[in-house]
Amino acid sequence: MVPSDQFVYPRARRREISVAGYRQLAEFRFRIRQFLHISEEAARSKGIEPQQHQVLLAIKGLPEGSRPTVRTLSERLCLRHHSTVELIDRLVEHRAVVRRHSDADRREVLIALTPHGEELLHQLSVLLWKELRVSGPALSASLLAVLAHSVGRGRSHDESARER
């Protein structure tokens with residue numbers, strides 16, 4: 001990710017963005033929000049909050065070699081530790097996850113999906129894969145449009161002129 005301080009350009013280096021560029025960014029953001037809205041509504045229809053669904057997916061989809069600790073899940077979800085703990089507490093109440101101590105280090109607490117959590121995640125994932133088959137092409141096209149518009153815009157005017 002680009003650090004937020006890199007989005008602010010000094011006046012001398014300010015890059016111009018065309019109206020078409022803004023429209024492409026807006027369209028891409030709209031397509032993302034459409035998908036997220038459907039995902040959020042699907043989670044609620046199954047009796048959990050959207051962030052709880054994200055926790056389930058983060059646990060199941062961790063990169064190989066990653067351990068499902070609160071710290072790892074917090075990083076993957078871009079949440080503070082205490083917020084992740086709260087989400088996990090609610091998922092424990094729903095019997096969707098359990099906490100267990102690591103065999104290697106009893107101080108380490110790992111989060112695991114229960115069979116109920118697995119089934120819940122499966123149902124939501126099937127719905128979202130179906131949605132992506134429908135909305136994915138428009139989402140992809142909007143991303144490609146943004147990327148095509150931005151090609152060459154990362155260089156300064158002087159660098160572009162020197163290449164001519």
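1. Let's start with a pair of helices. Helix 2 and helix 5 pack with their axes 10 Å apart, at an angle of about 100 degrees. The two are therefore roughly perpendicular to each other, a label for angles of 65 to 115 degrees (under 35 counts as roughly parallel, over 145 as roughly antiparallel, and the rest as oblique). On the helix 2 side, the contact is made by His-53, Leu-56, Leu-57 and Lys-60, and on the helix 5 side by Gly-117, Glu-118, Leu-120, Leu-121, Leu-124 and Leu-128. By class, these residues divide into six nonpolar, two polar and two charged. Here Ala, Val, Leu, Ile, Met, Phe, Trp, Tyr, Cys and Pro count as nonpolar, Asp, Glu, Lys and Arg as charged, and the others, Gly among them, as polar. Axes are lines fitted to C-alpha atoms, for helices over the stretch in contact, and angles run from 0 to 180 degrees between N-to-C directions. Contact means heavy atoms within 4.5 Å.

2. A word on what you are looking at. This is a predicted model, where local features need pLDDT of at least 70 and side-chain atom pairs count only at pLDDT 80 or more, while totals for chains, interfaces and linings use all residues. Residues are numbered from 1 along each chain as its sequence is written, and side-chain values use heavy atoms, with hydrogens and water left out.

3. Now the overall layout. The protein chain has six helices and two strands, running α-α-α-α-β-β-α-α from the N terminus on. Helices (H or I, at least four residues) and strands (E, at least two) are DSSP runs, numbered from the N terminus. Of the 164 residues in the chain, 27% are buried; buried means under 20% relative accessible area, exposed over 50%, and partly exposed in between (1.4 Å probe, protein chains only). Among contacts with a separation of 6 or more, 52% join residues 24 or more positions apart.

4. Back to helix 2, which spans residues 50-60: Pro-50, Gln-52, His-53, Val-55, Leu-56, Ala-58 and Ile-59 are buried there. What covers them? The cover includes helix 1 (19-45), helix 3 (70-77), helix 4 (81-93), strand 1 (97-101), strand 2 (109-113) and helix 5 (115-150).

5. The largest nonpolar core has 20 residues, and those with the most contacts inside it are Val-55, Leu-56, Ile-59, Ile-88, Val-97 and Ile-111. Helix 1, helix 2, helix 3, helix 4, strand 2 and helix 5 each supply at least two residues of this core, and helix 2 gives the most, with four. A nonpolar core is a set of buried Ala, Val, Leu, Ile, Met, Phe, Trp, Tyr and Cys residues joined through side-chain atoms within 4.5 Å. Leaving aside residues up to four places away in sequence, Ile-88 touches Val-55, Val-70, Leu-73, Val-97, Arg-99 and Ile-111.

6. Another helix pair to look at: helix 3 and helix 4 pack at about 105 degrees, with axes 9 Å apart. That makes helix 3 roughly perpendicular to helix 4. Val-70, Leu-73 and Ser-74 in helix 3 meet His-81, Thr-84, Val-85 and Ile-88 in helix 4. This contact has four nonpolar, three polar and no charged residues.

7. Which residues does Thr-84 touch, not counting those up to four places away in sequence? They are Val-70, Leu-73, Ser-74 and Leu-79. Thr-84 sits in helix 4 and is buried, with a relative accessible area of 0%.

8. On to charged pairs. The whole structure has ten salt bridges, each a side-chain nitrogen of Lys or Arg within 4 Å of a carboxyl oxygen of Asp or Glu. In one of them, Arg-31 pairs with Glu-27, the closest N and O atoms being 2.7 Å apart. These two are four residues apart in helix 1, so about one helical turn separates them. Arg-31 is partly exposed at 25% relative accessible area, and Glu-27 is partly exposed at 31%.

9. Two further salt bridges link separate elements or loops. Arg-67 and Glu-108 meet at 2.7 Å, N to O. Arg-67 lies in the loop between helix 2 and helix 3 and Glu-108 in the loop between strand 1 and strand 2, so the pair ties together parts that are 41 residues apart in sequence. Arg-99 and Asp-89 meet at 2.5 Å, N to O. With Arg-99 in strand 1 and Asp-89 in helix 4, this pair ties together parts that are ten residues apart in sequence.

10. Finally, a network of salt bridges links Glu-41, Arg-44 and Glu-49.
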